[in-house]
Amino acid sequence: MAHEGVLRRDGQPYLSHPMNVANILADLKMDDIGIVAGFLHDVVEDNHAVSIEAIKKNFGEEVAGIVDAVTKIEKDIFSDESLTKEEVEVESLRKLILAMIDDIRVIFVKIADRLHNLRTMESMPPEKARKKAQECLQIFAPIANRLGLGKIKNELEDLAFKYAYPEDYEMIKIALQEKRSYSENFIEDIKKQIMELMTANGLKGEISGRVKHLYSIYNKILRQNITVNEVYDYMAFRILVPEERDCYAVMGLIHSKWNLIPGRLKDFISNPKENGYKSLHTSVIGPSGQPFEIQIRTYKMHVEAEEGIAAHWKYKDGKGIDEKDDYIIKFREEIKEIVSQSGSDLASNLNRDLHPKDIYVLTPQGKIIHLPRGSTPLDFAYHIHTEVGNHCAGAKIDGKMVPLKTELKSGQRVEIIKNPSVHPSHDWLDIAFTTRAKSKIKTWLAQNEKILAIERGKEVFERELRRFKKSTKDIEKDPDIQEGLKKAAVPDIDSLYAEIGYGKIDARAFLKRIYAEEEKEEVHIKQGATRKSFPVPVSLGGESDYLFNIAKCCNPVVGDQIKGYFTKGKGLVVHRATCSNIKRLSELFPERTANVSWNEESNENIFEIPLSITVKNRRGVLGDVTSLVSSANADIISCDAKSLEKQGMGEKGIIKLKIVVKNKSHFLKIIDKISQVEGVVSISRNAP
């Protein structure tokens, strides 16, 4: 009823899509709740006459919950100022992932939806198809892998690869087609040889051979920086046997017949992957020097490798999780942590942290830890335990001390050296690779902001103290320091350090007041951005007694949206909210950023703004520009002009001005006047 009369882009009735989604879910052994949700997953989004309440009334709360979770957030429910299109997409993804944490069937429905869309994407506009396909490679294929859905993951990747990177896809496809005849003959010959080998030794099983998935070949090309013609081990075989012991017996026979490629033997039976995957992998050199890969597993292992959690699906209160499935529980916890710690970079964090763990390292006790390629000892420490990470003083790899930034490699034995006096610093955020480690570091930094402020303040105070040829020993027995603390309204020296670290007290002014008596003004106010002494124009939480400076990278003026960042020695540095630097700093050091506003009571301020004006070279253009600036009651601090002919920009020139304005309205008035000058091509607020 909801999709009646609606057609898909390919001309098929729209109903064919939800029916195919339901079929995919049935193949995954989904329960009736999940399959019904698959049928209904689009009725709310594509037909607004159907509400979530109507679904709940007719099909129950669980079905309604799943349908609601996979329904996108609609753009029109937000005002233009609230969320951009990109932000809406991030919030839709966040909504989906959070719902998946509560009910794993949500992501099954979404994966089935995306898989059928990829199967029928020929009629979609290329750019839209490319975006959808890249999203699948970045998010949904890694999730399918972590859920153990090997068969679904491979199909998602190969279909998405076709639309995400069509030129690369065609290149690899053509290269493999040229080898098709050889590959088919080779596969049949090797299958026959393996079967004869097994039969001669009393082993039973099934053997299949294939050319590897195109996307896995593409990843190998990127990872090893080689051409498609340099990929030699592009064929793989799978041997299925009844018992686990048969796996090892077959592997021994394989190695007795063909030479093993060093470093390519992997035992995922003794040490399963994070998603529960079990199998033996080995690569050998076959006839005529042709390398190929062999996977050996039991029939039961194969079913679990193909179907993942669906292979042993058990429902408890409708949530579809067997609590004994430890890897699923860990997966939920990891997802929750990624979502809670990710802002606009949610998709990239999901891709990085859910990507197949490429390396494994050992603890001193021999326990295997799986980590993403690029991980460091710091990531290892936080993987073991939060406290191990928080007090990580150093690391040993295979018994040798190494820097914390050292990239780990498979097979290494890692030992973390702990020290109770060591704690996270902002530098650790550059060392850590995984979202888990970064989130733990950020959490500690946020919870211990005062400790960090004291450290920053002490560093600044001691540096200023040396200017007066004093040491920290002097302040411990100096009565003038105690008097200074009283006048500054701080109870002790650590509180003084904290106030300096927060930017509320100027260390140099504090010491001058004690030792030089040269400064009579308040010790905790500094207006570094202005050229005259006017009332402080910036307010932080209603307070305006902060040491502050105006950021030179973006030069905000009264009227701009602004944000503050606490620095060492400069106090609160005020940026425009749109400044790329403050956005980057907010992500790296959220505990140092603060929401600030202009002090409305302060309306007599001056701000230095650099301008870069591109003009067509003509006589008098510089004079016209400068005279218009003066007519707008703005002072010019500096001026520089030059031709750009040597830079290959023809008959153009650039005028660099530094002007003084009162506020944004004043600034925009000046820009408007300059733009009307004959020959002005463009105006940039910040001179390069």
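Me: What makes strand 7 and strand 8 a pair, and how do they run?

Reply: Strands pair if DSSP finds at least two bridges between them. Strand 7 (residues 359-362) and strand 8 (residues 368-371) are joined by four bridges, so they pair, and they run antiparallel. Strands here are DSSP runs of E with at least two residues, helices runs of H or I with at least four, numbered from the N terminus. V361 stands opposite I369 in strand 8. In this hairpin, with five residues between the strands, G366 has a positive phi near 90°. A word on the basis: this is a predicted model, where local features need pLDDT of at least 70, side-chain atom pairs count only at pLDDT 80 or more, and totals for chains, interfaces and linings use all residues. Residues are numbered from 1 along each chain as its sequence is written, and side-chain values use heavy atoms, leaving out hydrogens and water.

Me: Why is S288 called exposed?

Reply: Buried means under 20% relative accessible area, exposed over 50%, and partly exposed in between (1.4 Å probe, protein chains only). S288 has 82%, so it is exposed. S288 sits in the loop between strand 5 (280-285) and strand 6 (291-298), and has a positive phi of about 60° although it is not a glycine.

Me: Why does K29 count as partly exposed?

Reply: Its relative accessibility is 43%, so K29 falls in the in-between class. K29 lies in the loop between helix 1 and helix 2 (32-40), and its phi is near 60°, a positive value in a residue other than glycine.

Me: And what makes L15 partly exposed?

Reply: L15 has a relative accessible area of 47%, so the partly exposed label applies. L15 lies in the segment before helix 1 (16-27).
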